[in-house]
Amino acid sequence: MGRSFQKPRGTQDILPSEQKYWLFVEDTFREMMLSAGFGKISTPTFEDTNLFARSVGEATDIVGKEMYTFKDKGGNSITLRPEGTAGVVRAYIEHGMHKEPQPVKLFYFGPMFRYDRPQAGRWREFYQAGVELFGELDPTTDAQMIAVMMKFYEKLGLKDLKVRVNSIGDTRSRNKMNKALIDFLSAHRRRLCNDCKNRLSKNPLRALDCKERGCQAILDEAGSMLLDNLTPDSRNYFTKVLEYLDDMGINYELSPRLVRGLDYYTHTVFEVVSGNESNALGGGGRYDGLVKTLGGPDVPAVGFALGVERVIDLMKKQGVGIPEPARSDIFVVQLGDEAKKKAIKVIAQVQDAGFRVAHALGRESIKGQLRVADRLGTKIAIIIGEREVHDGGVIIRDLKDGTQESVLDRNLLKAIQRKLKENK
Ligand code: HAM
């Protein structure tokens with residue numbers, strides 16, 4: 001035997017028994033977003049490294065520490081996408097979507113990659129379900145985005161969730177915040193971690209999501225340094241967002257230190273947590289400057305993304321029941337070479353007619369095949385032996401009560417329909 005392999009650290013195999021959760025989350029997300037007028041977009045899983053450096057930001061942990069970056073054989077610097085927004089904005093610009101009627105509303109579902117320290121709820125490859133809306137700057141849009149996200153969790157059956165909200169204002173507000181933070185942090189410089197000392201000169205706002213305990217203690221004292229430095233316009237905007245959230249009955253918490261780990265945000269930022277968990281289930285915010293930064297026109301935007309693994313974990317913890325995946329209606333059983341040939345034709349015919357069909361053509365004995373049917377919970381079996389081949393028919397067996405009847409080939413579909421109806 002040769003050497004065996006294991007999946008890379010921080011990745012997972014999603015086995016058939018788990019897929020019902022994945023299908024349920026993806027289907028629910030897709031159906032909800034399509035009916036809310038969003039269109040699906042898929043972008044590459046890797047992009048030019050500069051795209052992320054320019055959007056997510058050089059001083060962030062994501063770009064500084066967590067990217068899977070490599071040179072391809074042509075010498076280009078490529079990065080496996082650590083998040084979905086940058087690629088969607090790139091596509092929005094590249095395909096001239098700003099010329100379409102605004103708002104442009106998009107959603108996506110796919111794998112993201114971050115070289116994070118693997119632990120509960122933290123993977124190196126993980127899936128995000130995300131939404132981006134372009135071309136609308138209005139407090140109702142921010143509140144609506146938060147409402148859409150919360151509605152989705154509700155549709156999944158999740159309970160006891162809370163959304164934390166904050167505002168980091170427009171560019172002028174952020175300049176004021178940065179100045180205030182530099183003054184404050186400089187006074188405590190000696191007690192800051194090395195990363196934060198660096199952040200002080202590069203991007204002081206980033207210090208607010210430093211995970212070091214020492215820095216956190218210092219920043220606890222910074223309190224409402226962000227909200228206090230909002231310009232009147234930005235404050236006004238944020239007040240309206242909160243009013244709309246109140247109107248919609250959304251359970252939010254003002255979180256004055258929330259900045260989120262990406263540089264592109266402006267105005268409203270938000271994050272969803274469940275009761276006592278520390279990992280965020282999802283997060284997002286407004287990013288009015290990003291389209292322009294990446295070479296497009298000045299178009300405002302807002303969006304969010306949620307971590308599918310974390311959502312599924314919580315569904316399991318909260319014991320959320322999900323519909324069982326569709327079982328097969330019919331199991332085709334065959335005995336003998338000629339019967340097998342006929343079985344293949346019958347399977348195709350029944351499948352074409354829209355029934356869900358299962359079989360175990362590799363098994364010889366009728367008993368063995370019926371055991372598989374039983375395990376699948378199939379309602380009826382079509383049994384084909386040499387005799388049925390000769391007579392131009394099949395046997396239909398009710399797998400619940402064991403009754404069976406012979407049916408001619410030409411009556412097969414009708415008989416199946418009748419049997420399935422009786423069997424409901
Ligand atoms: P983010 O907060 O970095 O935002 O990621 C969104 C969600 O992805 C997190 O709340 C979490 O559920 C999940 N997630 C992040 N990292 C991991 C990981 N290592 N393992 C498992 N799950 C993880 C963004 O990515 C923004 N692009 C969201 C956005 C869209 N903002 C505006 N539009």
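Helix α13 spans residues 337-352 and contains 16 residues. Helices are DSSP runs of H or I of at least four residues, strands are runs of E of at least two, and both are numbered from the N terminus. In this predicted model, local features need pLDDT of at least 70, side-chain atom pairs count only at pLDDT 80 or more, and totals for chains, interfaces and linings use all residues. Residues are numbered from 1 along each chain as its sequence is written, and side-chain values use heavy atoms, with hydrogens and water left out.

From first to last C-alpha, α13 reaches 23 Å, close to the expected 22 Å. The expected span is 1.5 Å times one less than the number of residues. Its buried residues are Ala-339, Lys-342, Ala-343, Val-346, Ile-347 and Val-350. Viewed down the axis of α13, these fall within an arc of 150 degrees, so they line one face of the helix. The arc is taken over directions from the helix axis to the C-beta atoms. Buried means under 20% relative accessible area, exposed over 50%, and partly exposed in between (1.4 Å probe, protein chains only). The face turned away from the buried side carries exposed Asp-337, Lys-341, Lys-345 and Asp-352.

The buried residues of α13 pack against several elements, including β12 (330-334), β14 (380-384) and α16 (412-422). Contact here means heavy atoms within 4.5 Å. Gly-354 follows α13 and has a positive phi, near 100 degrees.

Elsewhere, eight strands form an open, mixed sheet ordered β1-β5-β6-β11-β10-β9-β7-β8. Edge strands β1 (39-40) and β8 (252-254) each have a single partner, so one side of each lacks a neighbour in the sheet. Pairing requires at least two DSSP bridges between strands. β1 pairs with β5 (residues 104-113) in the parallel sense over two bridges. Gly-39 has Leu-106 of β5 as its bridge partner.
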